[in-house]
Structures are given as C-alpha cells and as structure tokens.
Amino acid sequence: MTRKIASDPNRFAVELFDGLPAHYDMLANILSFGQDRRWRREVVKHVGDTDSPGLVLDVATGPAGIALAIRAATGAQVVGIDITKAMLVRARENLSRRGENSIHLIQARAEQLPFPDQTFDAVSFSYLLRYVADPAATLTELARVLRPGGTLTSLEFHVPPALWWRASWWLYTRLILPTAGWLIGGVEWFNVGRFLGPNISEHYRRYPVAWTVDAWRRAGIDAVETQLMSLGGGLVMWGTKGHGTRTR
C-alpha cells in the first residue's frame with residue numbers, strides 16, 4: 001500500500017475513498033475524536049477573515065461539509081472540487097437536501113486546477129497534501145488561483161506533540177480505528193482505518209510542519225500561521241497571498 005501511494009497518489013486516493021462517501025463524515029468524526037466539526041469551524045473562520053469573499057474555492061471538498069459551512073458563514077459563492085466522483089455524487093445529494101444552489105461542484109485535481117490565475121477571493125483545502133505526489137507544487141497551484149490579499153486556509157490531521165497524547169494517539173489509530181472501521185463498514189473501512197494512522201505519521205516524517213510553512217511562503221503566501229487543535233490531533237494553517245510576483 002505504501003508503494004502504491006508513492007507511485008500514484010491520485011489513483012490511490014480515488015481507490016481508497018471511492019466506496020466510502022456515505023460514511024466519510026463519520027470516519028472524520030471518529031479519527032478526530034469527535035472534533036472534526038470544531039476544526040472545520042476554525043477553517044471557516046479564517047476564510048471569513050478575507051475582506052468580503054465573493055467567490056471561494058474548496059479543494060478536496062469531499063461530501064461538501066466545509067463548502068456548506070463557508071457558504072452559510074460568508075454568503076459567498078463556493079466552488080468545490082474533488083478528484084473522486086463518488087464523493088461529488090454524495091456532495092450533490094447533501095446540497096440537494098439543503099436546497100443549496102450556490103455551490104458548484106467540479107471533478108478536478110488539486111495539482112492542475114481548471115481556473116485562471118487570481119480567480120478566487122479565498123481558497124480552502126482539507127486532508128489533501130498526503131494524497132499528492134508533490135505537496136510544494138500543489139501549494140503553488142492553489143496559490144496561483146488565489147487573488148493577492150486573499151486567504152489560503154487548510155485543515156489536516158496531525159500527530160500530537162506531547163509524549164503521552166502521542167502514545168495514546170498511536171494506540172488509537174493503530175488499534176481502535178481499524179476495529180471501528182470494521183464495525184462501521186466491513187473490510188473496506190478496516191483497510192482505511194488501518195492505513196490512516198501510519199500514513200499521517202509518515203507524512204510528517206517527510207514533511208514536518210516547518211517544511212510545510214516554508215512551502216506556503218515559497219508559493220507566495222505571507223503571514224503563515226498554524227494552530228494545533230485538540231491536543232495536537234488536528235492542524236489548521238492559514239495565510240494571505242502577497243502582492244509581489246513569485247516565480248514557479
């Protein structure tokens with residue numbers, strides 16, 4: 001599984017999540033110890049810090065949870081993209097149930113966005129960089145479609161820094177999470193639960209937070225800030241696109 005994601009992260013993400021949209025929010029809730037909604041509110045808060053966001057892009061939108069929250073909080077038009085068709089089908093069902101017609105959904109890759117430069121007032125993304133081959137290049141692409149002065153915001157799982165909580169997190173992700181996955185959805189969910197903990201740990205071994213902050217800055221994002229959530233189980237990052245010229 002590790003070799004597979006290393007060789008083609010996009011395809012791996014599609015195969016991993018293709019059969020899971022109906023319970024995706026439940027998975028996020030379990031892995032975040034029930035804190036996922038609070039983490040999302042933090043993302044939405046920083047999107048709302050953008051001066052009068054009229055058009056917002058939500059990348060790796062999944063079943064459109066964050067897109068819906070951004071729309072409700074800001075009144076902006078929202079475009080949600082995801083690489084997984086089944087996730088977008090679920091997102092459309094969620095939008096239909098709420099009578100929401102100001103969120104436009106597109107199947108696309110974060111590494112190759114189908115939008116002109118400086119299209120959006122704010123860009124958010126969640127649980128994305130672990131599923132792309134080149135996180136730095138992906139951040140550059142996300143920044144490309146953001147207007148100068150706009151806000152880039154992200155949400156990701158994290159490994160708790162305190163020894164006791166890190167040990168508890170390790171046991172939870174390696175033992176409890178796969179078991180919960182099995183009980184929720186059988187072998188597919190067991191495989192996802194077994195994969196996520198090691199994947200998160202490996203991501204931060206390769207790309208520590210300091211590296212990621214620097215990658216944001218090299219992509220043209222200034223005043224980058226981070227906030228650990230829930231004893232370090234989650235990480236929210238945000239910054240503002242500068243007005244200077246950046247080269248790829």
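**View 1. The cavities of the predicted model.** The structure holds 4 cavities of 30 Å³ or more, a cavity being a set of points, on a 1 Å grid over the protein atoms alone, where a 1.4 Å probe fits but cannot get out; grid points are joined across faces, edges and corners, and a volume is the space filled by probe spheres set on the points. This is a predicted model, in which local features need pLDDT of at least 70 and side-chain atom pairs count only at pLDDT 80 or more, whereas totals for chains, interfaces and linings use all residues. Residues are numbered from 1 along each chain as its sequence is written, and side-chain values use heavy atoms, with hydrogens and water left out.

**View 2. The second largest cavity and its lining.** About 130 Å³ of space lies in the second largest cavity. Of the 14 residues that line it, Leu129, Glu156, Tyr204, Thr212 and Met237 are the closest to its centre, where lining residues have an atom within 4 Å of a point. The elements that give two or more residues to this lining are β5, α9 (187–206), α10 and β7; helices (H or I, at least four residues) and strands (E, at least two) are DSSP runs, numbered from the N terminus. The lining divides into 10 nonpolar, 3 polar and 1 charged residues, with Ala, Val, Leu, Ile, Met, Phe, Trp, Tyr, Cys and Pro counted as nonpolar, Asp, Glu, Lys and Arg as charged, and the others, Gly among them, as polar.

View 3. The 7 strands of an open sheet follow the order β3-β2-β1-β4-β5-β7-β6, with mixed pairing, two strands being paired if DSSP finds at least two bridges between them. The edge strands, each pairing on one side only, are β3 (103–107) and β6, and the twist averages 15° from one strand to the next. Strands β5 and β7 run antiparallel and are joined by 7 bridges; phenylalanine 157 stands opposite glycine 234 in β7. Helix α5 (residues 65–74) packs on the sheet, touching β1, β2 (77–82), β3, β4 and β5, and its direction makes about 170° with that of β2, with axes as lines fitted to C-alpha atoms, for helices over the stretch in contact, and angles running from 0 to 180 degrees between N-to-C directions. Helix α10 lies across β4, β5, β6 and β7, running at about 150° to β6.

View 4. Helix α7 (residues 135–144) is largely enclosed by the rest of the structure, because 8 of its 10 residues are buried, that is, under 20% relative accessible area (1.4 Å probe, protein chains only). What covers these buried residues includes β1 (55–59), β4 (120–126) and α10 (209–218), by contacts of heavy atoms within 4.5 Å.

Terms used: Buried < 20%, exposed > 50% of the residue type's maximum accessible area, 1.4 Å probe, protein only. 1 Å grid on protein atoms, 1.4 Å probe; cavity = no way out; pocket = protein on both sides within 12 Å on 5 of 7 lines; lining within 4 Å.
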